[in-house]
Structure formats: C-alpha cells, structure tokens
Amino acid sequence: MTDTMMGSLREVQKLDERIREIERELSTFDERLGEIEDPAVALESDLKQVQDRLAQMNVDARRLERAADDKRARAEKMDQRLTRVSNLREEAAVRTELDLIKKAIEGDEQEALQLMDQIHRTEEQAEELGEAADRARAEVEPKQKSLLEDRRAYDERLDALQARRRQVLENVGDQERRVYEAFHQSGRAVVVAPLTDDGACGHCYGMIPLQLQNEIRQRADLIRCEACGVILTSEPEPVFDEELDTPLRTSATADQESGEVDGEAAAVEGEAPGEESEDEVDLE
C-alpha cells in the first residue's frame, strides 16, 4: 500500500478498475446459469405437459367407462323388459331402444380402446422424457456446481478488493476523497492520471504548464489537467499484493487451458517419430 495521498488515489483507481471488471463478470453468472439449465428445464416442461395430458386422458377414460357401465345397466333393464311386453308394438319399441343402447355401448368401447392406445403411447413418451430430463439434470448439476464455485471465488475477490479500497482511502483527505468519489460515481473511468516524462497529461496528452509540472512532481495535492479535468500525479503505478493481482482461475479458464494443452498434444502426436527431413537424408 502506498503512503502518499496521490499514491493512494492511484491505488484506489486501480482497485476500482478491478472491481468493475469483477462486477461485470458477476453480472453474467445468472445468464450463464440459466443457459446451463435451459436444456433440462425444457425437457422438464415438456414432461409436465405430457403428464398433464396423460392425466386428462385417464379422466376421459374413466368417464367413458362409467358411461358404458350406465348403458350396460340400461341394456340389461331393456332385456328384462322384453320378457314382460304385452304386444308386438311395445316389443318393437323396446327392441329399437335396446339396439340404440347397444350401438352406443359399442361406440363407447371403441372410443375407450382408442383412448387406451393413446394413453399407452403417452405413458411411453412420458417415460422417455423423464429419463431424458433426469440425464439432462444430472449433467447440469456438476456444471452448476462448478459455475457457483467460480462465482464464489469472484465474490471473495470482490470482497477483498473492496476491503482494500476502504483501507487505502484512510490515507486520503476528506476533500480529496470527495473529489475522487464525485468523479468516480459519475461513471468516469479515469480520475487520476500520471504526468508523462515530457510533461503531458497521461489521459488526454495535453501539455501541462511548466510551473504546474514542477508542483505535480513535488507532489502537490489536487492539481488537475485544464483540458480533461483529471487529477495529475507523478506517483508510479501502484503494485498489488500477489493475492489481489493474480487473475482468477475459474472453470472456464481451466477448460480453455485444457483445450490448449490437448491441442498441443495432438500436434505433437501428429509428428511421426523417426521421420527425417530432406536435409537429413543421406543421398547416395
């Protein structure tokens, strides 16, 4: 950590750059988690629709069964009534009604058979979707776990950077802190810029008057560039501790490194051992 006020401001600015990078990365995690889960969610949604349709078909099947039972009971009554008819006219009427009931029963039975066939096919479809959804969910869980571990690493690094920022700001006066925070909260990425060796602003590269250059090099406080408004300093670039300066190695970077290693290995394996170049061949 730097001891001077301007050095502390430069360090806070560098910390803010890292914090913004990590916050941008963290903002993508929910979307990435959703993308990982999308295939399993889609299969589970399809399975739910099929299960709902299957439940409705079972309800329809029970309704047809009850209707057929009612018609069979009516048909049985008609058969009993035939034995008690007193004339041909009454017998014909009973037989006509009985025939209609039997045709209705046949229709219900045919519809029930078709429905049972649909139920069987839908049950098979639901079973296949259930197995596919289970496989997809099983594939999702380790990926989610890895991504959540990455997010936890980013959260821990963010907490460390923010704690370091609060600590560094203790070396900054109230006025300087207010000026810095006002620029920073306005969305300005560069608040503090170095004075170049040739006396120019390190942000806009406009030349600074000699008197101001001398004051900046003597570490006077809060001298700003007249062209772009940044605070100018002669303090060197701050150096972070190794813990904060080391890039995070997440599952994504690990996969990328693994792919690069595999590619190099494949390239090496592609070179046939024992082959000689044309320059090495002894021509007789």
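**Values and definitions**

Tutor: Let us begin with Ala104, which lies in helix H3; helices (H or I, at least four residues) and strands (E, at least two) are DSSP runs, numbered from the N terminus. This is a predicted model, in which local features need pLDDT of at least 70 and side-chain atom pairs count only at pLDDT 80 or more, while totals for chains, interfaces and linings use all residues. Residues are numbered from 1 along each chain as its sequence is written, and side-chain values use heavy atoms, with hydrogens and water left out.

Student: Why does Ala104 count as partly exposed?

Tutor: Buried means under 20% relative accessible area and exposed means over 50%, with partly exposed in between (1.4 Å probe, protein chains only). Ala104 has 26% relative accessibility, and therefore counts as partly exposed. In space, the C-alpha of Ala104 is 7.6 Å from that of Lys71, although 33 residues separate the two in sequence.

Student: Which elements does the chain have, and in what order do they run?

Tutor: There are seven helices and three strands in the chain, and from the N terminus on they run α-α-α-α-β-α-β-β-α-α. Of the 284 residues in the chain, buried residues make up 30%.

Student: What makes H2 and H3 roughly antiparallel to each other?

Tutor: Axes are lines fitted to C-alpha atoms, for helices over the stretch in contact, and angles run from 0 to 180 degrees between N-to-C directions. Angles under 35 degrees count as roughly parallel, over 145 as roughly antiparallel, 65 to 115 as roughly perpendicular and the rest as oblique. The axes of H2 and H3 cross at roughly 165° and come within 5 Å, so the two helices are roughly antiparallel to each other. By class, the contact of H2 with H3 has 35 nonpolar, six polar and 24 charged residues, where Ala, Val, Leu, Ile, Met, Phe, Trp, Tyr, Cys and Pro count as nonpolar, Asp, Glu, Lys and Arg as charged, and the others, Gly among them, as polar.

Student: How do you know whether H1 is roughly parallel or roughly antiparallel to H3?

Tutor: The axes of helix H1 (residues 5-26) and H3 come within 9 Å and cross at roughly 160°. That angle makes H1 roughly antiparallel to H3.

Student: What makes the contact between Glu109 and Arg72 a salt bridge?

Tutor: A salt bridge is a side-chain nitrogen of Lys or Arg within 4 Å of a carboxyl oxygen of Asp or Glu. The side chains of Glu109 and Arg72 meet at 3.0 Å, N to O, and form a salt bridge. This pair links distant parts of the chain, with Glu109 in helix H3 (residues 88-169) and Arg72 in helix H2 (residues 29-82), 37 residues apart. Glu109 is partly exposed at 35% relative accessibility, and Arg72 is also partly exposed at 35%.

Student: Where in the chain are Arg165 and Glu181, and are they buried or exposed?

Tutor: Their side chains meet in a salt bridge of 3.1 Å, N to O, which links Arg165 in helix H3 to Glu181 in helix H4 (residues 174-185), 16 residues apart. Arg165 is buried because its relative accessible area is 13%, and Glu181, at 17%, counts as buried too. Asp16, Arg165 and Glu181 are linked in a network of salt bridges, and the structure holds 14 salt bridges.
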